[in-house]
Amino acid sequence: MLEQIDLTKKMTKEVYQEQMEHMEAQLAVLQRECKAMGIPVIIVFEGLDASGKGVQINKLIHPLDPRGFEVFAIKEETEEEQMHPFLWRFWTKTPERGRIAIFDTSWYRKVSVERFEKKLSKEELNYAYQEISTFERALADDGNVIIKFFLHISQKEQKKRFEKMLQSKETAWKVSKQDAKRNKEYDRYKEICEEMLERTETEYAPWMIIEAEDRRFATAKIFSEVIRRLQEQIQEVKDKKSRKTEVPGTEQKRMESSVLSKADLTLAYTEKEYKAKLKALQDELELLHSELYRRRIPVVLGFEGWDAGGKGGAIKRLTDAMDPRGYLVSPTAAPSAVEKSHHYLWRFWKAMPKAGHVTIFDRTWYGRVMVERIEGFCTKEEWQRAYREINDMEAHLAHSGAIVLKFWMQIDKEEQERRFKERMENPLKQWKITEEDWRNREKWDLYEEAVNEMIIRTSTSYAPWIIVEGNNKYYARVKVLETVVNAIEERLK
């Protein structure tokens, strides 16, 4: 791919000035249109050292409204970033709808620079490519325009630029020992980049190779490509709006077997049995929590279930045994305006624990395939692809070393009604019951079918669903604790 690039291409000053005056005005207009239409834009600059990424980014942002974009310079991972999954620092930087995120190097650093430095095994390299692919696909499916540039120069030109920078104190710091090594081993690094380009070339996130020896030619080509891609996306959004608007469907796919119906809701513990088991499990969890921190193992616990299913009580018994400095309970409510302006997984990525810490989600990302699906808050296409996106995210968490467990708190309809009435009659618990809770009971069958499909399609070896028989609160709390303790013990082995 790179071998076939003609690096001698040039552009005269006159032609450049004539083209740029027009393209800068075009780009400014397109930025405003993208903002008005809520189109998020991601522009990635990769390339060989000294190929001019910084110069080209400065040229690109010149006609843009600075309130509508942000530039991220990606270097080696910080200590904080090293304690999170690989893509965490990029998920948290994805743009709001209508904004532009520009990356001066990006997630591709892992499969280029870090690979060159032999920091990755073959298995880690292949998995990094897989994670990058799922990351870009999820963003593209959500409406992000992903524009990727690779700036290419020859070994001779690269060496010449390094020597020029080294002649001045103001620029010498830009040339590192690693830069010099990549120039010396130019062919090896170029082969690595070739493979990177070939393995990550997709219809939804294609690469554009930029002949960067002549800066005017490079700038004009970059502007032309950004303008073309933005125009295409704007037209696509307009065409989609002009077509018949899809009514979000609540139809259910009847599953061949019901997972929830197999739960034995007669399982119970007496108060005496409960107290004895609870104390023993909490004592054990207290010790295990310290070991998790020492071994830098993150834990992600997700709680879903019927209203009044006992999520809060189970979470309380878990956290009673933990050091408050080492866990976070993240309650998931309706998304805020800012959260709605991002991919739906963005707000959950932001809350993922760093190594050695525990995050407990009271309601989770599964709202997309339950509440949002049933209530019509997302399209059929969106909730259907969410199964794949969720499995990808959980696989990424597990691959990074996290223990991932998901609990469904199962009660029957009669027990739910009893608990609702109990809450209404108790002044200390009335805040827990709302009109919405009663309305949701009317859609019990719809929710039950959605939950069955959710569990079947997203229960995996690395992130299993645990159905907790919850009619007896004592039994439910003990089962949750036992499951967490067993999973941690198994990992520590």
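## Exercises on a predicted model

Five bridges join strand 4 (residues 145-152) to strand 5, and the two strands run parallel.

**Exercise 1.** Find the bridge partner of Leu151 in strand 5, and decide why strand 5 counts as largely enclosed by the rest of the structure.

Solution. 
- Step 1. Leu151 has Ile210 as its bridge partner in strand 5.
- Step 2. Strand 5 covers residues 207-211, and four of its five residues are buried.
- Step 3. Strand 5 is therefore largely enclosed by the rest of the structure.

**Exercise 2.** Give the order of the strands in the open sheet, and state which strands stand at its edges.

Solution. 
- Step 1. The sheet is open and has five strands in the order 2-3-1-4-5, with parallel pairing.
- Step 2. Strand 2 (69-73) and strand 5 are at the edges; each has a single partner strand, so one side of each has no neighbour in the sheet.
- Step 3. On average, neighbouring strands of this sheet are turned by 20 degrees against each other, direction ignored.
- Step 4. Phe72 has Phe103 as its bridge partner in strand 3.
- Step 5. Helix 11 packs on the sheet and touches strand 1 (41-47), strand 4 and strand 5. The direction of helix 11 makes about 165 degrees with that of strand 4.

**Exercise 3.** Describe how helix 1 and helix 11 pack, starting from the angle and the distance between their axes.

Solution. 
- Step 1. Helix 1 spans residues 13-37 and helix 11 spans residues 215-242; they pack at an angle of about 30 degrees, and their axes are 9 Å apart.
- Step 2. Angles under 35 degrees count as roughly parallel. Helix 1 and helix 11 are therefore roughly parallel to each other.
- Step 3. Their crossing is left-handed.
- Step 4. The contact includes Tyr16, Met20, Met23 and Leu27 of helix 1, and Phe223, Ile227, Leu230 and Ile234 of helix 11, among others.
- Step 5. By class, the residues of this contact are 14 nonpolar, five polar and five charged.

**Exercise 4.** Locate Gly302, and decide whether Gly302 counts as buried or exposed.

Solution. 
- Step 1. Gly302 belongs to strand 6 (residues 299-305).
- Step 2. A residue is buried under 20% relative accessible area. Gly302 has 3% relative accessibility, so Gly302 counts as buried.
- Step 3. Apart from its neighbours within four places in sequence, Gly302 is in contact with Phe361, Thr364, Leu405, Lys406 and Phe407.

**Exercise 5.** Summarise the chain by its helices and strands, and by its share of buried residues.

Solution. 
- Step 1. There are 21 helices and ten strands in the chain.
- Step 2. Of the 493 residues in the chain, 53% are buried.

Key: Residues are numbered from 1 along each chain as its sequence is written. This is a predicted model: local features need pLDDT of at least 70, side-chain atom pairs count only at pLDDT 80 or more; totals for chains, interfaces and linings use all residues. Side-chain values use heavy atoms; hydrogens and water are left out. Axes are lines fitted to C-alpha atoms, for helices over the stretch in contact, and angles run from 0 to 180 degrees between N-to-C directions. Angles under 35 degrees count as roughly parallel, over 145 as roughly antiparallel, 65 to 115 as roughly perpendicular and the rest as oblique. A crossing is left-handed if the near helix is turned anticlockwise from the far one by less than a right angle, and right-handed if clockwise. Contact means heavy atoms within 4.5 Å. Ala, Val, Leu, Ile, Met, Phe, Trp, Tyr, Cys and Pro count as nonpolar, Asp, Glu, Lys and Arg as charged, and the others, Gly among them, as polar. Buried means under 20% relative accessible area, exposed over 50%, partly exposed in between (1.4 Å probe, protein chains only). Two strands pair if DSSP finds at least two bridges between them.
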